[in-house]
Amino acid sequence: MADLQRLAIASHQINREKVFLTVEQDHYLRRVLRLEVGEKFIVMDGEGKWWLAKLTLDISGKTGLTAVLEQEILIQNELPIKVILICALPKGNNFDEVVRQSTELGVTQILPVISSRTLLQPSPQKLKRWHKIATEAAEQSERQVVPKIRETVEYSVALSLFENENLSTNYHKYICVARNSYPLLLESLLDNSKLESIVIATGPEGGWTDGEIEAAIATGFQVVSLGKRILRAVTAPIVALSLVAAILERSRGVGE
Ligand code: SAH
């Protein structure tokens with residue numbers, strides 16, 4: 001299986017055992033991957049399922065390429081709980097890399113935010129671009145789920161979206177803050193063996209304002225450190241997610 005190419009599709013493209021491919025997917029399979037009719041590949045619906053599929057030509061000839069789902073493949077490569085990243089948009093195109101690498105590390109959902117020191121207002125096309133990056137990274141890293149990238153919101157809105165999640169004591173919300181000696185994220189994760197969901201917030205190049213940190217605390221976030229060094233805005237989410245993935249897979253046993 002490992003040598004088969006993977007293609008993420010939207011679940012509405014499936015009708016019974018048939019998948020209707022888009023023009024872009026057709027191009028990707030035939031021109032980029034050089035797959036021929038009759039060859040096998042893996043179809044992922046981005047929501048948890050994988051199938052072994054065979055490339056076929058639609059007999060009507062109207063819709064171009066289709067694929068036939070031959071057999072469901074049972075895998076479990078996802079982290080055991082939901083991990084949500086709230087990330088203040090960094091400069092330029094740097095968020096592309098955050099999306100790609102967070103996807104590789106197993107993030108479930110990414111919420112880009114505009115904070116007081118964010119320098120960028122994203123254009124509306126960005127969301128589409130980030131979704132594409134997440135899809136490709138999910139294919140490449142053998143994820144079952146393509147992380148959801150939400151619409152960019154103001155920081156205060158992001159906090160309010162997770163305000164009611166405090167109801168469960170196993171729902172942990174962390175805000176990463178550089179400098180000062182806050183408790184380490186690693187230690188907090190190790191102290192909580194029954195995590196159900198994790199939300200992690202990382203700031204922009206200029207950091208969070210004191211008011212933003214206080215607002216997060218007021219809605220149930222714990223302030224944590226990622227170590228003594230100051231990480232770049234694009235490095236911090238990757239370090240935080242690496243720690244989360246390592247702890248989650250360690251405590252429940254890899255591959256269980
Ligand atoms: N300019 C700020 C640092 C911003 S770093 C300063 O000089 O203080 C960008 C973001 O990465 C921060 O808002 C924080 O969320 C995260 N970050 C960077 N280094 C960190 C560390 N050592 N611990 C926790 N978070 C960190």
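Close-up 1. Strand 1 (6–8), helix 1 (23–32) and helix 3 (125–140) each supply at least two residues of the lining of the largest pocket. Helices (H or I, at least four residues) and strands (E, at least two) are DSSP runs, numbered from the N terminus. This is a predicted model, in which local features need pLDDT of at least 70 and side-chain atom pairs count only at pLDDT 80 or more, while totals for chains, interfaces and linings use all residues. Residues are numbered from 1 along each chain as its sequence is written, and side-chain values use heavy atoms, leaving out hydrogens and water. Helix 3 gives the largest share of the lining, 7 residues. In total 22 residues line this pocket, and Ala8, Gln25, His131, Lys132 and Thr135 lie nearest its centre. A pocket here is an open set of points on a 1 Å grid over the protein atoms alone, where a 1.4 Å probe fits, with protein on both sides within 12 Å along at least five of seven lines; lining residues have an atom within 4 Å of a point.

**Close-up 2. The largest pocket and the two domains.** The domain assignment gives domain 1 (6–73) and domain 2 (82–252); such bounds come from an automatic or database assignment. Both domains give residues to the lining of the largest pocket, so the pocket lies between them. It holds about 730 Å³ of space, a volume being the space filled by probe spheres set on grid points joined across faces, edges and corners. By class, its lining has 7 nonpolar, 7 polar and 8 charged residues. Ala, Val, Leu, Ile, Met, Phe, Trp, Tyr, Cys and Pro count as nonpolar, Asp, Glu, Lys and Arg as charged, and the others, Gly among them, as polar. The domain centres, taken over C-alpha atoms, are 33 Å apart, and 10 residues of domain 1 are in contact (heavy atoms within 4.5 Å) with 9 residues of domain 2.

**Close-up 3. The largest nonpolar core.** This core has 41 residues, and those with the most contacts inside it are Phe95, Val99, Leu185, Leu189, Ile198 and Ile200. A nonpolar core is a set of buried Ala, Val, Leu, Ile, Met, Phe, Trp, Tyr and Cys residues joined through side-chain atoms within 4.5 Å. Buried means under 20% relative accessible area, exposed over 50%, and partly exposed in between (1.4 Å probe, protein chains only). Helix 7 (residues 235–252) gives the most to this core, with 7 residues. Another core, of 20 residues, lies apart from it and includes Ile175, Val177, Val199 and Ala201.

**Close-up 4. The second largest pocket.** About 430 Å³ of space lies here. Of its 21 lining residues, Val177, Ala178, Gly207, Ile230 and Leu231 are the closest to the centre. The lining divides into 11 nonpolar, 5 polar and 5 charged residues.

**Close-up 5. Isoleucine 213 in helix 6 (residues 210–218).** At 10% relative accessibility, isoleucine 213 counts as buried. Not counting residues up to four places away in sequence, isoleucine 213 touches Tyr155, Val177, Trp208 and Val223. Its C-alpha atom is separated by 8.2 Å from that of valine 177, 36 residues apart along the chain.

**Close-up 6. Two loop residues with positive phi.** Glutamate 142 sits in the loop between helix 3 and strand 9 (148–149), with phi near 60 degrees, and is partly exposed at 27% relative accessibility. Asparagine 180, in the loop between strand 11 (171–176) and helix 5 (185–191), has phi near 55 degrees and is exposed, with a relative accessible area of 59%.
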